[in-house]
Amino acid sequence: MAKKEFRAESKRLLEMMINSIYTQKEIFLRELISNSSDAIDKIYYKALTDDNLVFNKDDYYIKLAVDKENRTLTISDTGIGMTKEELENNLGIIANSGSFAFKNENESKDGHNIIGQFGVGFYSAFMVADDVTVISRALGSSEAYQWHSAGADGYTIEACEKDNVGTEITLKIKQNTEDENYEEYLEEYRLRSIIKKYSDFIRYPIKMDIQSSRPKEGSEDEFENFVEEQTVNSMVPIWRKNKSELTDEDYENFYMEKRYGFDKPISHIHIKADGAIVYNAILFIPEKTPFDYYTKEYEKGLELYSNGVLIMDKCSDLLPDYFSFVKGMVDSEDLSLNISREMLQHDRQLKMIAKNIQSKIKSQLQTLLKDDRDKYEKFYESFGRQLKFGVYNDYGMNKEVLQDLLLFTSSQEKKLVTLDEYVSRMPEDQKYIYYAAGESVERLEKLPQTEMVADKGYEILYLTDDIDEFAIKVIMNYKEKEFKSVSSGDLGIEADANDEAAKADESENKDLFEYMSSFLGGKVKKVKASKRLKSHPVCLSSEGEVSIEMEKVLNAMPS
Ligand code: ADP
Ligand code: MG
């Protein structure tokens with residue numbers, strides 16, 4: 001039987017595609033600029049092997065021009081251009097990518113920087129324009145052609161004039177509708193901010209005629225308007241620069257420019273990974289907790305770039321929850337993107353990057369803890385709680401990563417100590433890591449139970465954050481030392497003789513204890529004698545797994 005080809009109603013297909021793959025209309029500019037950048041790259045790669053072709057950097061740029069009266073936005077480039085045939089194939093066949101073919105043909109050369117691959121980005125122009133004209137002249141040709149389409153109805157191609165090699169795309173911007181503002185794409189400030197957001201690190205200049213005003217010459221209070229061509233994008237991203245060229249201030253400025261936070265970061269990490277997976281990243285550890293940090297509204301994530309083009313604002317898969325305070329960006333050539341380039345296809349590469357990043361953050365924090373204790377304690381004040389949540393939340397799966405980053409107030413000088421510091425100065429006869437949980441250090445110090453432990457010269461960890469004891473319970477033991485609450489029944493200190501003596505006291509005072517117990521109603525389980533107390537007549541203790549303090553937290557939780 002003869003095989004038939006699929007046919008598609010291209011009109012419908014185009015409409016469907018345009019309106020379903022992109023979540024934001026502003027993306028069209030990213031797509032068109034990316035195409036222009038690819039077109040310039042192609043000349044660059046050709047020049048590498050063609051002696052007759054010289055790549056003079058100054059000749060290559062992308063330019064945006066707005067004509068408000070005629071409602072047009074024009075994006076032109078001095079790239080490789082398209083022949084009549086290429087216009088036909090690349091802009092006339094949906095999902096045909098000349099750039100993808102170029103990459104395949106030139107695989108031996110380093111064609112990595114080329115962005116295009118799916119052959120659909122161009123059509124995103126129809127999200128904001130009802131009419132698109134492309135005028136192009138290909139490298140090595142003296143002829144130019146004009147492609148024109150008013151969207152779904154198809155396109156025309158005819159010969160035209162163009163002075164230089166390159167492509168010029170003119171969009172007739174749609175009229176505003178009740179729920180959609182299209183005219184903003186004719187506003188200079190809006191275009192600028194879209195470029196800054198998505199295309200700031202395109203390697204060629206993106207120029208715009210910017211309206212400014214200046215004081216009139218010879219006059220104090222008169223101003224005149226003038227138009228000036230400016231390059232809008234920064235071009236070289238800071239993360240591609242050498243670390244040795246960059247100062248702390250450069251990183252701080254980047255943090256501010258990117259509005260990662262309004263504080264000054266405590267520390268930054270600049271990663272240039274060149275191994276199994278290639279990526280660059282700049283990460284920041286903020287100083288202050290964002291106002292919504294410990295709420296559901298807070299969204300973790302890093303910016304994700306592919307080849308210098310922003311793909312995602314907040315890629316949450318790059319950060320584990322316990323490091324959700326980290327800000328910054330990742331740029332990688334190795335990502336497989338989905339068709340809208342808004343999401344990732346496979347997450348294998350992403351997982352590798354995430355794992356790598358996680359260990360870099362950990363070691364950075366460890367270094368800070370070791371080399372700059374004051375800074376670390378500042379950091380801990382803001383985000384220590386999150387680390388403890390991290391230990392608790394994953395049932396201890398991450399305790400290896402996190403336990404060495406935890407600090408608790410110690411009974412010794414009331415300073416913050418790590419578990420390692422605690423254990424390393426334990427006297428030989430001390431069996432447990434002792435802790436006391438309660439509202440404040442002042443209260444804990446007055447607790448009758450702490451007296452006996454402190455009397456032995458043992459250090460006690462004062463747990464004053466409600467998450468503390470939960471985290472400790474999950475860690476269970478540190479360097480083979482178990483944690484022990486000072487309010488637990490058996491402290492591992494009392495001599496057997498003491499227990500015997502207590503038992504004797506108990507039987508002697510049986511009636512009294514029974515009376516006390518019934519007097520307190522159901523409030524206590526049992527009243528018994530103890531030899532632990534020194535200057536206090538009485539104390540509360542618990543026998544099970546759940547301490548009195550934990551019970552309080554659990555009872556306060558909404559059920
Ligand atoms: P992609 O960029 O993923 O290939 P597009 O739909 O954005 O898909 O573009 C389709 C093709 O049209 C590109 O691969 C390229 O060959 C060609 N093209 C688009 N814009 C330009 C341009 N400004 N200069 C030269 N060629 C272009
Ligand atoms: Mg494209």
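Helices (H or I, at least four residues) and strands (E, at least two) are DSSP runs, numbered from the N terminus. The model is a predicted one, in which local features need pLDDT of at least 70 and side-chain atom pairs count only at pLDDT 80 or more, while totals for chains, interfaces and linings use all residues. Residues are numbered from 1 along each chain as its sequence is written, and chains are lettered from A and ligands numbered from 1 in the order in which they are written.

**Exercise 1. Describe the shell around ligand 1 and state which helix gives the most to it.**

Solution. Begin with the rule for being near, which asks that the C-beta atom of a residue, placed from the backbone, lies within 6 Å of the molecule. The shell around ligand 1 holds 23 residues, and the closest are Asn 90, Ser 97, Gly 98, Gly 116 and Gly 121. Next, look at the helices: α2 (27-49), α3 (84-92) and α4 (98-105) each supply at least two residues of this shell, and α2 gives the most, with four residues.

**Exercise 2. Find which residues of α3 are buried, and explain why they lie on the same side of α3.**

Solution. A residue is buried if 20 or more other C-beta atoms lie within 10 Å of its own, exposed if 12 or fewer, and partly exposed in between, with C-beta atoms placed from the backbone. In α3, Leu 87, Asn 90 and Leu 91 are buried. They share a side of α3 because they cover an arc of only 90° around the axis, the arc being that of the directions from the helix axis to the C-beta atoms. Contact requires C-beta atoms, placed from the backbone, within 7 Å, and the buried residues of α3 pack against α4, β3 (129-137), β4 (144-149) and β5 (155-160).

**Exercise 3. Give the order of the strands in the open sheet of six strands, and name the edge strands.**

Solution. Two strands pair if DSSP finds at least two bridges between them. The order is β15-β14-β17-β16-β19-β18, with mixed pairing. The edge strands, which pair on one side only, are β15 (416-417) and β18 (477-478). Within the sheet, β16 (residues 433-437) runs parallel to β19 (residues 481-485), and three bridges join them; Tyr 434 has Lys 484 in β19 as its bridge partner.

Technical notes:
Two residues are in contact if their C-beta atoms, placed from the backbone, lie within 7 Å.
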